[in-house]
Amino acid sequence: MIPTLNTPKAKTVADTLQYQGRKASRAGSELRRQAILDATMRLIVREGVRAVRHRAVAAEAQVPLSATTYYFDDIDDLINDTFTQFVEQSAANLEAYWSQTETRLFASLKARGECPNERQVLADELAQIALDYVVMQLTTRRDQLIAGQAFYHAALFNPGLHELWRAHRKMVLFGVSKFFEALGSDQPFEDSRLLMPVILQMEYQGLIDGVEVLDKSAMLAILKRHMYLVLKLA
């Protein structure tokens, strides 16, 4: 039986996150604070983390400069809280994706019992699911992918982001490990750590070159090769 993908794990990780800036005390204040965080993310996606300055954020959010310094007197707190929100949103997106993918995996597992080369059929299906995920991310969540790249890069130089980076990585790896549990891997978490760099490289290439020019056949071949190695089919 397939492991349940729609687990509370991603949300559990997100629930442990801590915001650093000043908390809003009223509904109207929360809307302004949210506008500042959203504006900061737009700046990061458009120009990178180095563009995040109080004056630039205030202009982007269309709020007084004093509002940004009130909620975030330290610019690092603003960057931290923006990426904290990014991780929370990623958790929600991942849980929605696992829920949608669960039905597809159930169908694949059912087909395994009806096919003489069942393990290869399942490996092929999971490779296609992984490719579809990459294309979906590049097509519908390009800004989020850019934000993720900026987040990983910023964490290299900002120790204050290290724990947040670890939480995000743990959340993603847990989700990917469910695919390998479905494959029957006895080391699903380790296998997910091997697959994730492949996925990230494909996403990065898609961001640089454009999803419309990606060689999806070559990408699928790479993903199948990975699944075959996990199942000892190659």
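Colleague: Among contacts between residues at least 6 apart in sequence, what share joins residues at least 24 apart?
Modeller: In this predicted model, 72% of those contacts join residues at least 24 apart.

Colleague: What percentage of the residues is buried?
Modeller: Of the 234 residues in the protein, 47% are buried.

Colleague: Let's move to the aromatics. How many aromatic pairs does a search of the whole structure find?
Modeller: The search finds six aromatic pairs. One of them is formed by Phe86 and Phe151, which sit edge-to-face with 5.8 Å from centre to centre and 65° between the planes.

Colleague: Where in the chain are those two, Phe86 and Phe151?
Modeller: Phe86 belongs to helix H5 (residues 75-112) and Phe151 to helix H7 (residues 142-157), so that the pair links distant parts of the chain, 65 residues apart.

Colleague: Are Phe86 and Phe151 buried or exposed?
Modeller: Both Phe86 and Phe151 are buried. They also belong to a cluster linked by ring pairs, together with Phe83, Tyr152 and Trp165.

Colleague: You mentioned H7. At what angle do the axes of H6 and H7 cross?
Modeller: The axes of helix H6 (residues 118-140) and H7 cross at roughly 100° and come within 5 Å, and the two helices are therefore roughly perpendicular to each other.

Colleague: Which residues meet there, between H6 and H7?
Modeller: On the H6 side they are Gln137, Leu138 and Thr140, which meet Arg142, Gln144 and Leu145 in H7.

Colleague: Changing topic, which residues of H3 are buried?
Modeller: In helix H3 (residues 54-61), the buried residues are His54, Val57, Ala58 and Ala61. These four lie on the same side of H3, because they cover an arc of only 100° around the axis.

Colleague: What does the face of H3 turned away from the buried side carry?
Modeller: That face carries Arg55 and Ala59, which are exposed. Just after H3, Gln62 takes a positive phi of about 60°.

Colleague: Last one, H10: how many residues does it have, and how far does it reach?
Modeller: Helix H10 (residues 216-230) has 15 residues and reaches 21 Å from its first C-alpha to its last, which is close to the 21 Å expected at 1.5 Å a residue. Its buried residues are Met219, Leu220, Leu223, His226, Met227, Tyr228 and Val230, and just after H10, Lys232 takes a positive phi of about 60°.

Notes. Residues are numbered from 1 along each chain as its sequence is written. This is a predicted model: local features need pLDDT of at least 70, side-chain atom pairs count only at pLDDT 80 or more; totals for chains, interfaces and linings use all residues. Side-chain values use heavy atoms; hydrogens and water are left out. The expected span of a helix is 1.5 Å times one less than its number of residues. Buried means under 20% relative accessible area, exposed over 50%, partly exposed in between (1.4 Å probe, protein chains only). Rings of Phe, Tyr and Trp (its six-membered ring) pair if their centres lie within 6.5 Å; planes under 30 degrees apart count as stacked, over 60 as edge-to-face and the rest as tilted. The arc is that of the directions from the helix axis to the C-beta atoms. Axes are lines fitted to C-alpha atoms, for helices over the stretch in contact, and angles run from 0 to 180 degrees between N-to-C directions. Angles under 35 degrees count as roughly parallel, over 145 as roughly antiparallel, 65 to 115 as roughly perpendicular and the rest as oblique. Contact means heavy atoms within 4.5 Å.
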